[in-house]
Amino acid sequence: MFSSLRVRNYRLFATGQVVSNVGTWMQRIAQDWLVLVLTDNNPVALGIAAALQFLPTLIFSLWAGVLADRLDKRKLLIGVQIGLALCALVLGVLDVTGIVQVWHVYALCFVLGAFAAVEVPVRQSFVAEIVGRDQVANAVAINSTSFNLARIVGPAIAGVMIILIGTGWLFLGNAVCTVAVIVGLLRMDPAKLIRGPKVPRAKGQLREGLRYVRRRADILTVMVLVFFVSTFGMTFFVTLAVVAATVFHRDADGYGLLSTTLAIGTLAGSVLAVRRSSRGRPRTRLLLGSALAFGILEVVVGLMPSYSTFAIALIPVGLCLMTFMTTANSTVQLAVSPEMRGRVMGLYMLVFVGGNPLGAPMVGWMADQWGARSPFIIGGAVAALTAILCGAVLLVRGGIKRPTTGWSRLLLRKPGFER
């Protein structure tokens, strides 16, 4: 299950990520709660903060992919991690000293998002250099496991610590946690990295990457599905805080518990992905099925009548969500040529995160106009419908195997092939 951990460089990388991810989730919970406190539980303000944090992805992620193909990814990540630590430090100092205002949070959300827009595609493409192509799926699944383990621990700690010491110290704690990633990167042996062909600086490299994806129907379909699911369905950074505060009238610990139950499901999905990674390439049917199940279950969550049933229903949602995310990531990583990996992962992160500047304010507006439950119902319906449409397109084009038994054989007689 954990074969990629035999690589020393990856062990250093993964260890730093575990510590840093705990701090990231602590900051994420603290940031959401701080915005709600500063704006008297205004869901639109929370949506604006999320949008500003994700907006730089629209601007920088494609260029970050170009940089990842041109430059030393390890050195680039070290510089970006220093920037992320400084953002957390500044916000922590402003909050602890009591002078923080909502516009401070907005500004730092944008700066933090700018660093993250560069960091994520570089980090995603760097994984293949650490472990090699044969271990990419396993490493991606382990990354997801550590991320979601932190997603359980971080919000649980944050929910309690916000009540005890306030939000500011959690930002400072995240700045310290980020140092773990920097130390791990510095201790790596660069000679043992499996580097792809170096791409020289030239004009038109960004357009070349876009043309490459456009010619690859398999990758393009994944991109479309990821965009709609992430933009309309994966809006928990806004919706959970609003539901906890306005529907169930809970404090920060109640919000932290909802994030934790969601993370229990995503952790389970990550562990299952690690097991599946030893069985070969991810299947398109798993990608479509997990997206469909996620959308349906999210609608069910939005209809749950009590806090307890709402929290419990988040667990299978998290499992399906993580199955979808790891399958999509592994599919793209394994399908792309090494010299194009940085640019394709930059585009992948653009469609994965870039819809949030649109989705976050829209979700906040829906919660304000139609109630905090409405984003779950509408977002889940959009995710499920997109999965059905993408499946239909692939079925017509022969990208997935048609059913050969039962009632489905009567509807779909034309043979196909399986990816």
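How far apart are the end C-alpha atoms of helix α8 (residues 217-233), and what span should its 17 residues have? In this predicted model, the end C-alpha atoms of α8 are 23 Å apart. At 1.5 Å a residue, the helix should span 24 Å, so the two values agree. Several residues of α8 are buried, among them I219, V222, L225, V226 and F232. The buried set also includes T221, M223, V229, S230, T231 and G233.

**Helices α3 and α4**

Helix α3 covers residues 73-96 and helix α4 covers residues 102-131. Their axes come within 9 Å and cross at roughly 155°. Angles over 145 degrees count as roughly antiparallel, and α3 and α4 are therefore roughly antiparallel to each other. The crossing of α3 past α4 is left-handed. The residues that form this contact divide by class as in the table.

| Residue class in the α3 contact with α4 | Number of residues |
|---|---|
| nonpolar | 17 residues |
| polar | 4 residues |

**Residue L52**

L52 lies in helix α2, which runs over residues 43-70. The C-alpha atoms of L52 and G113 are separated by 7.3 Å, although the two residues are 61 residues apart along the chain.

Methods:
Residues numbered from 1 in each chain as written. Predicted model: local features only at pLDDT ≥ 70, side-chain atom pairs only at ≥ 80, totals over all residues. Heavy atoms only, no water. Helix = DSSP H or I, 4+ residues; strand = E, 2+ residues; numbered from the N terminus. Expected span 1.5 Å × (residues − 1). Buried < 20%, exposed > 50% of the residue type's maximum accessible area, 1.4 Å probe, protein only. Axes fitted to C-alpha atoms, helices over the stretch in contact; angles between N-to-C directions. Parallel < 35°, antiparallel > 145°, perpendicular 65-115°, else oblique. Left-handed = near helix turned anticlockwise from the far one by under 90°. Nonpolar A, V, L, I, M, F, W, Y, C, P; charged D, E, K, R; others polar.
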